[in-house]
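Visitor: I'd like to learn how to read a few local features in a model like this one. Could you walk me through them?

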Amino acid sequence: MLWKQLSSTWYALSATPWIALAGCGDPGPALPPTVPVTATVTLDGQPLSKALIAFSPEEPGPSSNGRVEAGQVLDLWTNGQKQGVVAGKHRVTIYDDDIESGSIDIVPDRYGKIDGGIEVTVQEEGPNEFTFELKKKK
């Protein structure tokens, strides 16, 4: 009986390091430094009520995504891991938050296309403050 208890204890203890290491996978390449960005978004002169926003770098690199509420850009995260945006030139796309529910589009489609997106340059040393003035008609 004692042997059975020692044997099961040994198996449990020998498995512990392997279980601990199982969660320590490669996190992937390190993200470049990010900088804070503040922005306001209006549509025909009024604060945009709700939307999603993305900063996509022109050079290869991670994009940043956030949301717009009451005209303010909130929660900008790079790859969902670091707050802020990587410095450099970006194309900014702004699009409706709830596109699958069948709700009426508020943001004109042209602002959600990366090839026609808004160009900005995010500086390594701020301030990085932007105002995006969207128009329903061209």
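**Loops, burial and ring pairs**

Guide: Let's start with Pro 108, which sits in the loop between strand E9 (88–95) and strand E10 (118–122). Strands (E, at least two residues) and helices (H or I, at least four) are DSSP runs, numbered from the N terminus. Residue numbers run from 1 along each chain as its sequence is written. The model is predicted, so local features need pLDDT of at least 70 and side-chain atom pairs count only at pLDDT 80 or more, while totals for chains, interfaces and linings use all residues; side-chain values use heavy atoms, with hydrogens and water left out.

Visitor: Is Pro 108 buried or exposed?

Guide: Buried means under 20% relative accessible area, exposed means over 50%, and partly exposed is in between (1.4 Å probe, protein chains only). Pro 108 has a relative accessible area of 14%, so it counts as buried.

Visitor: Which residues is Pro 108 in contact with, leaving aside its neighbours within four places in sequence?

Guide: Contact means heavy atoms within 4.5 Å. With those neighbours set aside, Pro 108 touches Leu 43, Lys 135 and Lys 136. As for Asp 96, it is 12 residues from Pro 108 in sequence, and their C-alpha atoms are 8.6 Å apart.

Visitor: Where is Glu 58 placed?

Guide: Glu 58 is in the loop between strand E4 (50–57) and strand E5 (64–69). Its relative accessible area is 40%, so Glu 58 is partly exposed. Beyond its neighbours within four places in sequence, Glu 58 is in contact with Lys 89, His 90, Arg 91 and Glu 119. Take Lys 89: it is 31 residues from Glu 58 along the chain, yet the C-alpha atoms are separated by 5.7 Å.

Visitor: How many aromatic pairs are there?

Guide: A pair of aromatic rings is described by the distance of the centres and the angle of the planes. Rings of Phe, Tyr and Trp (its six-membered ring) pair if their centres lie within 6.5 Å; planes under 30 degrees apart are stacked, over 60 edge-to-face, and the rest tilted. That rule gives 2 aromatic pairs.

Visitor: What about the rings of Phe 130 and Phe 132?

Guide: Their centres are 6.1 Å apart and their planes at 15°, so that pair is stacked. Phe 130 is buried too, like Phe 132. Together, Phe 55, Phe 130 and Phe 132 form one aromatic cluster.
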